[in-house]
Amino acid sequence: LAGQLLRPSGTTLAIFHTHPQRLAAIRVAVAAVLQQRRSILLITPHRAWLEPIRAALHGLPCVIFDRTAGRIDAWQRTLASRAPGVVILGTRAASFTAPPSLGAIIIDHAEDDDLKQEDAAPRYDARDVTAVVANARRIPRLFLTAKFGVVCMPPTGRFFCLLLHTQ
């Protein structure tokens, strides 16, 4: 499954119908990247989902990038974690963090409109920011979603769609 989720370049869109399936996919992808002694950026649209995802990672090294912890502090902790193999877990603002050892990017709930910042200038979409980072670093990007939608599709470049059925 890791080989299907994390293709060498481009974006993979994986459609999972249940939350446990998405968490299992996250664990598989994170383990594959950490095994290569690389870091992984994991973005979720809502702060409330940070702790459940962290708990699902079963104690793997995590840096939480959250505004309540102070973005500057979180950014400094991320950059200070030069040791390979750390999970950077955060909301859309985390898309601007990219440690030197970054090996992959995961966006959970890729269909969610909260990945797009529309409150104040400058406006940005975490899906677009991570596209620039992934292309520049030539690393894979994984979109996890429960429902397929046009908003999930990368605007440019290649992407691979993986649909997993439940019985």
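My entries follow, grouped by the part I was looking at.

**Before starting.** I reminded myself that this is a predicted model.

**Entry 1: strand 8.** I began with strand 8, which covers residues 141–145. I checked how covered it is, and 5 of its 5 residues come out buried. Next I looked at which way the side chains go. Arg141, Phe143 and Thr145 point one way, while Leu142 and Leu144 point the other way. I noted that side chains in a regular strand alternate between the two faces of the sheet. Here the residues pointing either way are all buried.

**Entry 2: neighbours of strand 8.** Which strands pair with strand 8? I found strand 1, residues 11–15, running parallel to strand 8 over 5 bridges. For a landmark in that pairing I took leucine 13, which sits opposite phenylalanine 143. Strand 5, residues 102–107, also pairs with strand 8 in the parallel sense, over 3 bridges. There I picked out isoleucine 105, whose bridge partner in strand 8 is arginine 141.

**Entry 3: serine 39.** I moved on to serine 39, in strand 2 (residues 39–43). Is serine 39 buried or exposed? Its relative accessible area is 0%, so I put it down as buried. Then I looked for polar partners of its side chain. The side chain of serine 101 is one of them, in a polar contact of 2.8 Å. The serine 39 side chain also reaches the backbone nitrogen of valine 86, at 3.4 Å.

**Entry 4: arginine 137.** This residue is in helix 5, which spans residues 126–137. I got 34% relative accessibility, so arginine 137 goes in my partly exposed column. What does arginine 137 touch, leaving out residues up to four places away in sequence? My list reads Ala98, Pro99, Pro100 and Leu102. For Ala98 I looked at the atoms too: the arginine 137 side chain reaches the backbone oxygen of alanine 98 at 2.9 Å. I also took the C-alpha distance to leucine 102, which is 8.2 Å, with the two residues 35 apart in sequence.

**Entry 5: salt bridges.** How many salt bridges does the structure hold? I counted 3. As a reminder to myself, side chains of opposite charge can pair when their charged atoms come close.

- Aspartate 108 pairs with arginine 22, with the closest N and O atoms 3.1 Å apart. Aspartate 108 is in the loop between strand 5 and strand 6, and arginine 22 is in helix 2 (residues 19–35), so this pair ties together parts 86 residues apart in sequence. I found both of these residues buried.
- Glutamate 51 pairs with arginine 54, and here the closest N and O atoms are 3.6 Å apart. Both lie in helix 3 (residues 50–56), 3 residues apart, which is about one turn of the helix. I have glutamate 51 as partly exposed at 47% relative accessible area, and arginine 54 as partly exposed at 35%.
- Arginine 127 and aspartate 125 meet through their side chains at 2.9 Å, N to O. Arginine 127 has a relative accessible area of 4%, so I marked it buried. Aspartate 125, at 9%, counts as buried too.

How values were computed. Residues numbered from 1 in each chain as written. Predicted model: local features only at pLDDT ≥ 70, side-chain atom pairs only at ≥ 80, totals over all residues. Heavy atoms only, no water. Helix = DSSP H or I, 4+ residues; strand = E, 2+ residues; numbered from the N terminus. Buried < 20%, exposed > 50% of the residue type's maximum accessible area, 1.4 Å probe, protein only. Polar contact = N/O pair within 3.5 Å; in protein donor to acceptor, adjacent residues only side chain to side chain. Pairing = 2+ DSSP bridges. Contact = heavy atoms within 4.5 Å. Salt bridge = Lys/Arg side-chain N within 4 Å of Asp/Glu carboxyl O.
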